[in-house]
Amino acid sequence: MAFYHFTGIKGSGMSSLAQILFDSGEQVQGSDVETYYFTEKPLRDRNINIFPFNAENIKEGMTVIAGNAFPDEHPEIVRAKEMGVEVIRYHKFLGDYIKKYTSIAITGAHGKTSTTGLMSHVVGGFMPTSFLIGDGTGSGEEDAAFFVMEACEYRRHFLAYHPDYAIMTNIDFDHPDYFQDVEDVYSAFQQLALQVKKAIIACGDDEHLQKIQANVPVVYYGFGAHNDFAARNVEKTTDGTTFEVYVRNEFYEKFFIPLYGDHTVLNSLAVISLCHYEGVPATIIQERLNTYKGVKRRFTETKVGNTVLVDDYAHHPTEINATIQSARQKYPDREIVAIFQPHTFSRTQAFIQEFADSLQKADAIYLCDIFSSAREKQGDLSIEDLAKLIEDSKVIQVEKVEVLKNHQDAVFLFMGAGDVHKYQEAFENSLKNGGKTA
């Protein structure tokens, strides 16, 4: 049994990997800051020790897995190197680890987490499956045949992986603090494509993905008739979405998903395409689609009386559009109220007009101060700059969430990748304490 110490164990991928190794019978511990993060709950549920950062945590005989956010000068990493203890970066370790399985890497600018969650749930109904999701969820099966993982393009980290399959959901310009433009993003995906061993399953409705070159088959899915796997006759209701799948223009099967919005049909098609390729029967696919409960922070609903609160990670204009579209399908007769917290100054600056355009699809818009990341503490921009572009939008503070009660029986979308949950919690408490929304 190996002994792993995770430096930065509360990181979303790090937490997931620690859970997988622990579930697979390894000895696991880690260190991080004292602040509570939702990613630590599954670690504590498994009684995995989490220590404050300290060079003394490093002992002979362990292997240190270091989070990408921590430099080589970090005291624990320095101590490990002085002692001759092996230090492996997270993505490098994962790249080696997945070689034991039929690996499915899920990547794309949007939809990675949701598709990884759905894929692991569906494939797991066919064969034992380990999975790593970027929402801090991981699970290791000792006799796993498949390994499903979220693979992030940021800083080209996914180039540490040589997976059997790559699912590519879309290519879009994001992470403007690292990528120069959409062509730069495309070049990273193109590089990954050449590392895939069995097949690439890509969304053929995406103009950039149509150009991907690879040494393995590229199977396309989407709404367009030109796709290998095409969704047709889509029916949307308040219960979910039904669609027929045609494989190279021949009817294959009709599927129902308890999900809302076009993007969920595409995510499901990606899963169906891979399952078809691997010989998973359609009956198993449908059974598993029926029981899928979603992933954290992706259209996660809480109901207080008649009021619906939705927690969603949407932090890019494309994702905001998708979240609002889902809400409109599920709650066609309700007022949709957007509460949005931009994530990082560089992203807000790069997409300020697109943010304004996407948010205006809601009926009422409230804006929270920009959340600065560990990489950038402040910028020249303020939330007022975005507010000026959106007519009738209001800037909201946590202490003043009471103002949201002016919207009766509404659907409130709390969107962002920072700590927008503070606003939701404050509003939830206000609703519970103040009785009905007034």
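Predicted model: local features only at pLDDT ≥ 70, side-chain atom pairs only at ≥ 80, totals over all residues.
Me: How many helices and strands does the protein have?
Reply: There are 13 helices and 21 strands. Both are DSSP runs numbered from the N terminus: helices are H or I with at least four residues, strands are E with at least two.

Me: How do you know whether the radius of gyration agrees with that of a compact globule?
Reply: The globule rule is 2.2 Å times the number of residues to the power 0.38, and the radius is taken over C-alpha atoms. For 438 residues the rule gives a value near 22 Å, and the protein has 22 Å, so the two agree. Along the principal axes, the C-alpha atoms fill a box of roughly 60 × 55 × 40 Å.

Me: Why are α1 and α4 called oblique to each other?
Reply: The axes of α1 (residues 12-23) and α4 (residues 90-97) come within 11 Å and cross at roughly 40°. Axes are lines fitted to C-alpha atoms, for helices over the stretch in contact, and angles run from 0 to 180 degrees between N-to-C directions. Angles under 35 degrees count as roughly parallel, over 145 as roughly antiparallel, 65 to 115 as roughly perpendicular and the rest as oblique. The pair α1 and α4 is therefore oblique.

Me: Which residues of α1 and α4 meet?
Reply: Gly13, Met14, Leu17, Ile20 and Leu21 in α1 meet Tyr90, Phe93, Leu94 and Tyr97 in α4, where contact means heavy atoms within 4.5 Å. This contact has 8 nonpolar residues, 1 polar and no charged. Here Ala, Val, Leu, Ile, Met, Phe, Trp, Tyr, Cys and Pro count as nonpolar, Asp, Glu, Lys and Arg as charged, and the others, Gly among them, as polar.

Me: What makes α5 oblique to α8?
Reply: The axes of α5 (residues 112-123) and α8 (residues 282-290) come within 8 Å and cross at roughly 125°. That angle makes α5 oblique to α8. Leu118, His121 and Val122 of α5 make the contact with Ile284, Ile285, Arg288 and Leu289 of α8. The residues of this contact divide into 5 nonpolar, 1 polar and 1 charged.

Me: What is the strand order in the open sheet of 5 strands, and which strands are at its edges?
Reply: The order is β3-β2-β1-β4-β5, with parallel pairing. Two strands pair if DSSP finds at least two bridges between them. The edge strands are β3 (49-52) and β5 (86-89), since each pairs on one side only.

Me: How do you know that β2 and β3 pair?
Reply: β2 (residues 27-32) and β3 are joined in the parallel sense over 4 bridges, and Gln29 stands opposite Asn49 in β3. Helix α1 lies across β1 (3-7), β2 and β4 (63-66), running at about 170° to β1.

Me: What is the pairing in the open sheet of 10 strands?
Reply: The pairing is mixed, in the order β8-β7-β9-β6-β10-β11-β12-β13-β14-β15. Within this sheet, β13 (residues 229-236) and β14 (residues 241-247) run antiparallel and are joined by 6 bridges.

How values were computed
Residues numbered from 1 in each chain as written. Heavy atoms only, no water.
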